[in-house]
Amino acid sequence: MITVPLSAKGPAVSVLGFGASPLGNVFGDVSWLEAESAVHDALDGGINFFDTSPYYGRGLSEERLGRALLGRRDRAVVATKCGRYGADNFDFSAGMVRRSVEGSLLRLRTDCVDLLQAHDCEFTSVTQILEETLPAMERCRAEGKTRLIGITGYQLGNLLRLAVGARERGLQIDCILSYCRYDLANTSMETRLAGYAAEHGIGLINGSPLHMGLLTTEGAPAWHPASERARLACAEAARLCAAESVALEEVALQFCLDREGFGLTLTGMGTAELVKKNLDAMAASRHPELTLRVRALLRLGGAGELWPSGLPENWDTEARERAGAIAAEQDIVRESGLEEVYP
Ligand code: NAD
């Protein structure tokens, strides 16, 4: 397994990380046994980075990960989060950071996590993260409850503002996790964040290399924010790959893993079967020409579009434009009376 430093301070982590959100049943039901087998097979296959959150299944993902790592904790680098607890349930206050970490440590059955991240920072103000959340997380570090501190989110401009602001205040951010921002459809993490991160020794964690399921043969789940146009482009990309007897998800994962010097890639794996599939994809031969064609198709089909998430003041410009387009579409539907026909 190829390893990369998680941050300037280390530790070495596998270039393919285990996203533990599926252990919280967020993509469908996973049994305790399946969850445990997935974690054990991942460890045995050389994967040592595990990312979870109290948000994933309201603690279930942490609980299952903690149980699966009993007797194996020293082989794993464990990251969890604070601040997000439900689809619309956020609390980035200092008091909650403390209570949240205590709960995570109990569920994960450990005295100290390797990385504590403020989860989906665009859902609160920059001021609160800088003046309340990060200082509270620093206190957790001083008390030995976490080794490293990070921030996560979708809006890259907001993450960059937070990293710069933290630095100005003498606060150390070790890692930044974003998602759907470096993959076959969209590579904006590279242009917007990679330079600053490299310059300041911040580790980048690339979440959702399959664009939250959009870049798979099966396609994205119904709740995915992608437009119909983007879904069609991805379905066409899947057909293009299938014609060459390759799965789109294999090409998508390899594209992320092969980007040297770019931190680790984190995909969701709730079963031993998916762990094996992704380890096999890692080892499989590459498809450079097909990759180029797929990327061109996705670009033309608008698959790299952004979407609004969090407080409007924190949106990236393109997400703001997409929000405008969505609102305009809704207006047209309302004005045309179609809404009454198709509620
Ligand atoms: P993803 O885009 O790689 O996967 C999305 C879906 O694809 C999941 O349902 C997964 O089960 C499925 N999948 C995985 N491998 C597959 C394969 N080989 N073939 C077919 N389907 C496959 O990643 P994701 O699950 O969206 O995110 C990965 C992890 O990143 C999460 O578990 C979480 O730990 C982290 N993450 C964090 C944030 C945040 O902090 N805000 C956001 C997104 C993701």
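The following legends describe an overall view and several close-up views of a predicted model.

**Figure 1. Overall fold of the protein.** The model contains 12 helices and 12 strands (DSSP runs numbered from the N terminus, with H or I over at least four residues for helices and E over at least two for strands). Its C-alpha atoms fill a box of roughly 55 × 45 × 40 Å along the principal axes. The radius of gyration is 20 Å, which agrees with the value near 20 Å for a compact globule of 343 residues; this radius is taken over C-alpha atoms, and the globule rule is 2.2 Å times the number of residues to the power 0.38. Buried residues account for 55% of the 343 residues (buried is under 20% relative accessible area, exposed over 50%, and partly exposed in between, with a 1.4 Å probe and protein chains only).

Residues are numbered from 1 along each chain as its sequence is written. Because the model is predicted, local features need pLDDT of at least 70 and side-chain atom pairs count only at pLDDT 80 or more, while totals for chains, interfaces and linings use all residues, and side-chain values use heavy atoms, with hydrogens and water left out.

**Figure 2. The salt bridge between Asp120 and Arg84**. The structure holds 21 salt bridges, each defined as a side-chain nitrogen of Lys or Arg within 4 Å of a carboxyl oxygen of Asp or Glu. In the pair shown, the closest N and O atoms of Asp120 and Arg84 are 2.6 Å apart. Asp120 lies in the loop between β8 (113-118) and α4 (126-142) and Arg84 in strand β6 (residues 84-86), so the pair ties together parts that are 36 residues apart in sequence. Asp120 counts as buried because its relative accessibility is 5%; Arg84, at 11%, also counts as buried.

**Figure 3. The salt bridge between Glu131 and Arg169**. Here the closest N and O atoms are 3.5 Å apart. The pair links distant parts of the chain, with Glu131 in helix α4 and Arg169 in the loop between α5 (156-168) and β10 (175-179), 38 residues apart. Glu131 has 52% relative accessibility and therefore counts as exposed, whereas Arg169, at 42%, counts as partly exposed.

Figure 4. Lys145 is buried, with 15% relative accessibility, and Glu143 is partly exposed, with a relative accessible area of 41%.
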